[in-house]
Amino acid sequence: MSEFNILHNPRCSKSRQTLALLQENGVEPTIIEYLKDAPSKNKIKTILKLLGVEPRDIMRKKEAEYKEAGLNDESLTKEQQIALMVEYPKVIERPIVFTKDKAAVGRPPENVLELLK
């Protein structure tokens, strides 16, 4: 199993570019197709902590599910936001590459190169 993991959507060009960039640099990450296998609440909490951000910071606010799930409700607690991210994984920004002690959002894909240092 690789030290690197990627929350990946193979239909997303940025996600494909990020995966290719990692592979070009000798990294074969564990691929997590998060739309098929949604990350758990604990995994999302870990990723948020590694990134040093709040749940809304890694949400795709233009996805229809964002509004449909009620994620645009500013009164939602952090726990509620995370629970909805598990239920509606399409709202999670992609790709996110993470190890046990650091993470980066691959937008642009070159952001993940910091993890290789």
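Arg60 pairs up with Glu63 in a salt bridge, with 3.2 Å between the closest N and O atoms. This is a predicted model, and a search through the whole of it turns up 10 salt bridges.

Arg60 has another partner too: its side chain meets that of Glu93 in a salt bridge, 2.9 Å from N to O. That pair links distant parts of the chain, 33 residues apart. Glu93 sits in the loop between α4 (78-87) and β3 (96-98), while Arg60 sits in the loop between α2 (41-51) and α3 (64-68).

Glu93 also takes part in a salt bridge with Arg107, where the closest N and O atoms are 2.8 Å apart. Here again distant parts of the chain are linked: Arg107 lies in the segment after β4 (103-105), Glu93 in the loop between α4 and β3, and 14 residues separate them.

| Residue | Relative accessibility | Class |
|---|---|---|
| Arg60 | 17% | buried |
| Glu63 | 16% | buried |
| Glu93 | 16% | buried |
| Arg107 | 32% | partly exposed |

Arg60 counts as buried because its 17% relative accessibility falls under the 20% cut-off. Glu63, at 16%, is buried as well.

Note on methods:
Residues are numbered from 1 along each chain as its sequence is written. This is a predicted model: local features need pLDDT of at least 70, side-chain atom pairs count only at pLDDT 80 or more; totals for chains, interfaces and linings use all residues. Side-chain values use heavy atoms; hydrogens and water are left out. A salt bridge is a side-chain nitrogen of Lys or Arg within 4 Å of a carboxyl oxygen of Asp or Glu. Buried means under 20% relative accessible area, exposed over 50%, partly exposed in between (1.4 Å probe, protein chains only). Helices (H or I, at least four residues) and strands (E, at least two) are DSSP runs, numbered from the N terminus.
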